[in-house]
Each structure stands twice: as C-alpha cells, then as structure tokens.
Amino acid sequence: MSILVIAEHDNSELKQATLNVVAAAKAIGGDIDVLVAGENCGAVGEAAAKAEGVNKVLVADNAVYGHFLGENLGELVAEVGKSYSHILAAAGTVGKDFMPRVAALLDVAQVSDIMRVESEDTFVRPIYAGNAIATVKSTDSIKVITVRPTAFDPVAGEGGSAAVEQLDVVKDAGLSAFVNEELAKSDRPDLGSAGIVVSGGRGMQNGDNFKMLEQVADLLGAAVGASRAAVDAGFVPNDMQVGQTGKIVAPQLYIAVGISGAIQHLAGMSDSKVIVAINKDEEAPIFQVADYGLVADLFEAVPQLEEELRKVK
Amino acid sequence: MKVLVAVKRVIDYNVKVRVKPDNTGVDLANVKMAMNPFCEIAVEEAVRLKEKGVASEIVVVSIGPKACQEQIRTALALGADRGIHIETDEEVQSLEAAKLLKSVVEKEEPKLVILGKQSIDSDNNQTGQMLAALTGMGQGTFASEVVVEGDKVNVTREVDGGLMTVALNLPAVVTTDLRLNEPRYASLPNIMKAKKKQLDSMTPADLGVELAPRLSTLKVEAPASRQAGVKVADVAELVDKLKNEAKVI
Ligand SMILES: Cc1cc2nc3c(=O)[nH]c(=O)nc-3n(C[C@H](O)[C@H](O)[C@H](O)COP(=O)(O)OP(=O)(O)OC[C@H]3O[C@@H](n4cnc5c(N)ncnc54)[C@H](O)[C@@H]3O)c2cc1C
C-alpha cells in the first residue's frame, strides 16, 4: 500500500494537523508520501521531510496553489494521487474543500472525517453530529479520506529525513481566483490543537466581555472558542466557532462559559479530556457532560477564576 | 439567470437521535423529518437573489423517497418556482447524488447551483464539491456572502483562519454556511400556492444514472457516553480540583 498525505500549511509553516494525518496514515500502514502544494512553500517541504514515518515529500510550488483554491488542488491531487492506494488530508476547511473534488475526478467515494482506522479499507466516523458512530467499508480501489486531526495523536515532527522532490505539475483549472482574505491574528495557540480551550456562549452578552475569557486563557496558555450563538450575535468571528459545523476540539481541558450545551456544540468538544461548565442555570445540558460544574453567574465567577489562577500559577 | 437549489430531507435537527438496538443504523421510524438546515439557507439565498432581480427562476431538486416532495413543497412555498423530484428508495451516497444532480444541471443549465455545505445526518460535506468537479464548475464552499456581478460570482467563505473571498466564473456551485442568511418562514397563502406549482418526478434510471454505492456501513453505534461529574461549590474548589485532582492546569 502507498499513501499520499496532503500537507496542511500556510506556505511558511507546516500545520500540526499534518502530523495527525500522518499518524492516521501509519495506522493504515504502507509507504507514506507527503504532498506539499503551495507557493514559495519550500520551508514547508523541509519541515514535512522531518516528520516521523514519511518516505518522500513531493513539493508542487506554484502561484496557482498559493491560496489553496479547491479547483486547482483538486486537479493536482487527482493527478498525483491516482497511483496511490489512499489519499489523506486533514478535515479542515482546505481539505473539506478540495478532497471531494479529488474523489469525484477519480470516480471514487470519499470517507469524511475519520476518527479511527479499523483496517486498510474500514474506518470509523461520526454521523448525526456525533450522536452515532458509523463503521464504514470502502470498496473503491483508491480511498479518498479526510481525517479528524484531534482523533489521532500526532507523529513526531522531528527526526525524520525523507527525500524532497520538486514536482513540476501545474494545474490551473481557470475557474476561480483569489480576491482577498481576512485572517484573524492571534498570539494564542491554534484552537484546533490547543491543550486548553476557554469558550464563551450567548451568556457572555457582548464581544467586549470576551476580554475576561482572554485573560483567563492567557494565564492558562489556552485558545479561546465560542458557541454558534456567540458568533451569530457578532460577539466574535466565525473562526472561533466550536461544534458540528465549526471546529472540532479535544483539548486536555475545555472550559465552557455561558454555553447551554446544545448537541451541535457538544459535537465539537465532547472528546475533551476534562470539561468544566460555568452556567447560572443548573438545568443547562452542558452539566450532563461536564466533569466539574459550577452553577454561578459568569460575571462573578470568571473574574474570580482569573484571581484564583494567578494564585496557583 | 436560472438558479438550481438542491435540498435534502433529513431528521429534524431538534430530534434526539437514537441508534437502533441491532446497530444497523439510526431509528427513523415515526421521527420528525425536515429540510436540512443548510438547504433552507440555500433556498433562502436563491429567493433573495430573485427578490434582488438577479435570479429569474429558481428550480429546486431533491433526491430520495416519495416523502421528499414535502421538502420540495416547502421550498416552493418559500419562493422557488418549480420542483424536480428524483425518486428512489435506495440509499444515495454523495457521489451518486452528485451524478444525479449533474444530469439535472445538464438539462436545466442553471447559472448558479446552491447546496447546503453538509447534511446533518451523514455529515459528509461532499456533494457540492463533487458536483462542481463533475460539471467542471468552480465552487464557493462554506459561503457567508454571495454577490453576483456580471458573469462572475464573488463568494466569501468561512475558512479555518477567518474569511476568504474568491471570484468564480459562472456557472458555479455555492455551498452555504450558517451565517449566509436567516431563512424566512413560509406564509400560509404561499403554502397554498405552492401546492399548485409544477413538480416533476423522475427516477435515477430516467437520468441514466445507476446507483452503485461504494461505501457499506458495517455498523452504527452510540458514542461512548460521558458521565456527568460533580458540581463544585465555588471557584476556589474548581481551581483546586483542576490542579490537584484532574491535574490539567
Ligand atoms: C445545523 C445547525 C448547526 C449548528 N452548529 C453549531 C455549532 O457548530 N456550534 C454551536 O455551538 N452551535 C451550533 N448550532 C447552534 C446550537 O443549536 C445552539 O443554538 C447554540 O450552540 C447555542 O449557543 P449558546 O449555548 O451560546 O446559547 P444558549 O443556548 O442561548 O445558552 C446560553 C447559556 O448561557 C447561560 N447564561 C446566560 N447568562 C449567564 C450568566 N450571566 N452567567 C452564567 N451563565 C449564563 C444560560 O443559562 C444558557 O445556558 C447549530 C445549529 C444548527 C441548526
């Protein structure tokens, strides 16, 4: 078996999710190559070559891949991937965008968002917002798979010494063009891979109040997340949404503040190791999944939390 | 321009999902079904484009058993002009759905196809992208804003890092995210009017598509359930537990 992993990166840094996907590839077994497609992404290729268990790194460095447009990546990956038995990418917004195109171009199904590998053709994935877990078997000759990064412990990012090969395959579908982007800038850890996440919901009342959570997060080295209600109300940007249709997180510690615990929210965080809920409504469903529940007004509890954390930190 | 909207009938998002005791799937008997929430957003977007004078006709299509006609009628009541029902009682997987929609696209030649980004039952997030690849169209996935300008559509997409805008040549495929719009409710007169709108029914065979699922579901299980933990009396106790019992800070 031969597996092609598509690296997730921003043209300068390899994202940790790639290491989680390589771990999923290792669980399938076989030679693992990594494809880095981007623009001026040489450093990413070098970083991928150091990842544990990687056989070869292919770098497709061209302006047409600079913004990871699904139309162009789809054609590239279908072309490069057709000689592999498995094609894997992280189930982030880039992978979710181009991978189904790859599958369609190869006339195979895609298995989305796998959480476990049972065998080379059988995988476990959540359905119904994680309220059911399906084991699915693929009969296709090429398996196109997106991987839930938080479900696989990453391989080591150092120590490997894979060969790096430049690929001269330029696929410009000519269907789409990049216009602009507004990326959130934050010095806090990435939400998807942070060890601790502090999230706020509608109970926060406005965006300014999220500063309280940011202070707590900074004491803990945590990322800040949010419920859909907080995002919809405009308190915080969409990239902070945790849940079925937002980001999937599974940190060591998840602190939910002013979040009721709708199933769509739980779908994104219920694999966290320890869950804390702070909510003034003792009937809130979030308490059914919380390891530690505090029934309190968040406007009193959060400043106190900051104070107590300063004492122990 | 003509807009094609694909809608799926799924379990209502408020219903508590129960796995069947024999682990063959999820219990759908006597469960409330509804239009997939992302598809509602797709219909709403098409209706708004029509209200702005950008869209001239909205065709809504759904694939599945007879009962899907309820969701098509809902879309017609919300403002779609005409419905197409591709009737089958078989399981339809994303790739097959994309192939069926491709043949509808070839017949109808819409300038814009709008779909939900994922359905809340299979949570696959594939069909729109597959349709775009099969028809050679560009795709604006996870859209939070759609602006048609001449022969292009600018789509602002919700991506992991924030927002990204792409310009696509028309015809194009758009898949909706939650913040694209807030769907309206159908009024009673419009529900009555929808009953008289044209709804054509056909089968996959009529469209020349053979259903051949590539994935088989071996079993469906309930997720490992979390036990509710303890309530702490105050913040000091919480911090103490996190530090000394759970050891996570
Ligand atoms: C298709 C679909 C997809 C969805 N996807 C997602 C998703 O990905 N992520 C997501 O989060 N949601 C998602 N939702 C929405 C979800 O159903 C809920 O509406 C949402 O999670 C509710 O957010 P919330 O808990 O912040 O708000 P609410 O449910 O309004 O809860 C607010 C909570 O704050 C508490 N509170 C208020 N004031 C205080 C105070 N002063 N002190 C302490 N507590 C206080 C209240 O007791 C309440 O429990 C989705 C919905 C649909 C239909």
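Which residues line the second largest cavity? In this predicted model, the lining is drawn from both chains: A:Y128, A:A129, A:N131, A:Q244, A:I263 and A:Q264 are joined there by B:I11, B:D12, B:Y13, B:V15, B:V17 and B:I120. The volume of this second largest cavity is about 80 Å³. Its lining comprises 8 nonpolar, 3 polar and 1 charged residues. Because domain 1 (2-166) and domain 2 (196-312) of chain A both give residues to this lining, the second largest cavity lies between them.

The phi angle of A:Y128 is near 50°, a positive value in a residue other than glycine. Most residues other than glycine have a negative phi. A:Y128 is placed in the loop that connects strand 7 (122-127) to strand 8 (132-138) of chain A.

The search for cavities of 30 Å³ or more returned 3. The largest cavity has a volume of about 120 Å³. A total of 13 residues line the largest cavity, and A:I6, A:A7, A:E8, A:V94 and A:F98 are those nearest its centre. Strand 2 (31-38), strand 4 (86-90) and helix 4 (93-105) of chain A are the elements that each contribute two or more residues to this lining. Helix 4 of chain A supplies the largest share, namely 3 residues. By class, the lining of the largest cavity consists of 10 nonpolar, 2 polar and 1 charged residues.

The division of chain A into domains was examined next. Chain A is divided into domain 1 (2-166) and domain 2 (196-312). The centres of domain 1 and domain 2 of chain A, taken over C-alpha atoms, are separated by 31 Å. Contact between these domains of chain A involves 5 residues of domain 1 and 7 residues of domain 2. The area buried between domain 1 and domain 2 of chain A is about 530 Å², with 53% given by carbon and sulfur atoms. Within domain 1 of chain A, A:A129, A:R148 and A:T150 supply 75% of the area buried against domain 2, more than any other three residues. The number of salt bridges between domain 1 and domain 2 of chain A is 0.

Chain B and chain A are linked by 6 salt bridges. A salt bridge joins the side chain of B:R226 to that of A:D291, with an N to O distance of 2.8 Å.

Over all chains, the whole structure contains 34 salt bridges. One salt bridge pairs the side chains of A:D218 and A:R188 at 2.7 Å, N to O. This pair connects distant parts of the chain, 30 residues apart: A:D218 belongs to helix 5 (residues 210-220) of chain A, whereas A:R188 lies in the loop between strand 11 (176-183) and strand 12 (196-200) of chain A.

A further backbone feature occurs in chain B. The peptide bond from B:L170 to B:P171 is cis, and its omega is near 0°. Most peptide bonds are trans. B:P171 is located in the loop between strand 9 (162-169) and strand 10 (172-176) of chain B.

Terms used. Residues are numbered from 1 along each chain as its sequence is written. Chains are lettered from A and ligands numbered from 1 in the order in which they are written. This is a predicted model: local features need pLDDT of at least 70, side-chain atom pairs count only at pLDDT 80 or more; totals for chains, interfaces and linings use all residues. Side-chain values use heavy atoms; hydrogens and water are left out. On a 1 Å grid over the protein atoms alone, a cavity is a set of points where a 1.4 Å probe fits but cannot get out, and a pocket is an open set with protein on both sides within 12 Å along at least five of seven lines; lining residues have an atom within 4 Å of a point. Grid points are joined across faces, edges and corners, and a volume is the space filled by probe spheres set on the points. Helices (H or I, at least four residues) and strands (E, at least two) are DSSP runs, numbered from the N terminus. Ala, Val, Leu, Ile, Met, Phe, Trp, Tyr, Cys and Pro count as nonpolar, Asp, Glu, Lys and Arg as charged, and the others, Gly among them, as polar. Domain bounds come from an automatic or database domain assignment. A salt bridge is a side-chain nitrogen of Lys or Arg within 4 Å of a carboxyl oxygen of Asp or Glu. Contact means heavy atoms within 4.5 Å. Buried area is the accessible area (1.4 Å probe) that two parts lose on being put together, summed over both.
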